[in-house]
Amino acid sequence: MSSDPFVANPNGALNGGIVVAIADQGPGVLARRTSGPDHIGVTAALHIQYHQPVFAPFSVTVNRLPGGRRVQYYEIWFEDAQRGRVASAHATLVVTPVPALREIDDGPDAVPGVSDERNSEE
């Protein structure tokens, strides 16, 4: 990945919050692809270790570890061409059905589950 869309620290390294966000996103995408269109992976735990500052360009690898269908485990690592692995993360995701989307046709100000007495007929 290049550094263009990311905010760098004063030393030129990628901000650690951006690194952990990428580490969180990768397993979620992989869980969605491997669990079917009606399920989603929800992060239950995420642990990251920064071995060295992460400078762009870098690569991210996500590997699914042995686990079940409902609880999945992932290893994520960041590498750059000069120094190899610069950060490692482990994630646990719980796979759950995607909540059904329901249509609400009570107007733009409607709050789901709250009745509006102004619209009730007497």
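Predicted model: local features only at pLDDT ≥ 70, side-chain atom pairs only at ≥ 80, totals over all residues.
**View 1. A nonpolar patch on the surface: Ile40, Val42 and Val98.** To join a patch, residues need over 30% relative accessible area and no salt bridge, with like charges joined within 9 Å and nonpolar side chains (Val, Leu, Ile, Met, Phe, Trp, Tyr) within 5 Å; a salt bridge puts a side-chain nitrogen of Lys or Arg within 4 Å of a carboxyl oxygen of Asp or Glu. Isoleucine 40 sits in strand β1. Its relative accessible area is 34%, so isoleucine 40 counts as partly exposed (buried is under 20%, exposed over 50%, partly exposed in between; 1.4 Å probe, protein chains only).

**View 2. Serine 88, a buried spot in strand β4.** Strand β4 covers residues 84-97, and serine 88 is part of it. With a relative accessible area of 5%, serine 88 is buried. The side chain of serine 88 makes a polar contact of 3.3 Å with that of arginine 85 (N or O atoms within 3.5 Å; within protein, one able to donate a hydrogen and the other to accept it, and residues adjacent in sequence counting only if both atoms are side-chain atoms). Skip the neighbours within four places in sequence, and serine 88 still touches His47, Ile48, Gln49, His51, Ile76 and Trp77 (contact: heavy atoms within 4.5 Å).

**View 3. The aromatic pair, phenylalanine 58 with phenylalanine 78.** Searching the whole structure turns up 1 aromatic pair. The ring centres of phenylalanine 58 and phenylalanine 78 are 6.0 Å apart and the planes meet at 45°, so this pair is tilted (Phe, Tyr and Trp rings, the six-membered one for Trp, pair with centres within 6.5 Å; under 30 degrees is stacked, over 60 edge-to-face, the rest tilted). Phenylalanine 58 belongs to the loop between β1 (39-50) and β2 (59-65), while phenylalanine 78 is in strand β3 (residues 71-80), 20 residues apart. Both phenylalanine 58 and phenylalanine 78 are buried.

**View 4. Stepping back to the chain: α-β-β-β-β.** The chain has 1 helix and 4 strands (DSSP runs numbered from the N terminus: helices H or I, at least four residues; strands E, at least two). Of its 122 residues, 22% are buried. Contacts between residues at least 6 apart in sequence join residues at least 24 apart in 58% of cases.

**Notes.** Residues are numbered from 1 along each chain as its sequence is written, and side-chain values use heavy atoms, leaving out hydrogens and water. Local features need pLDDT of at least 70 and side-chain atom pairs count only at pLDDT 80 or more, whereas totals for chains, interfaces and linings use all residues.

Conventions
Areas by Shrake-Rupley, 256 points an atom, 1.4 Å probe, with all protein chains shown as cover.
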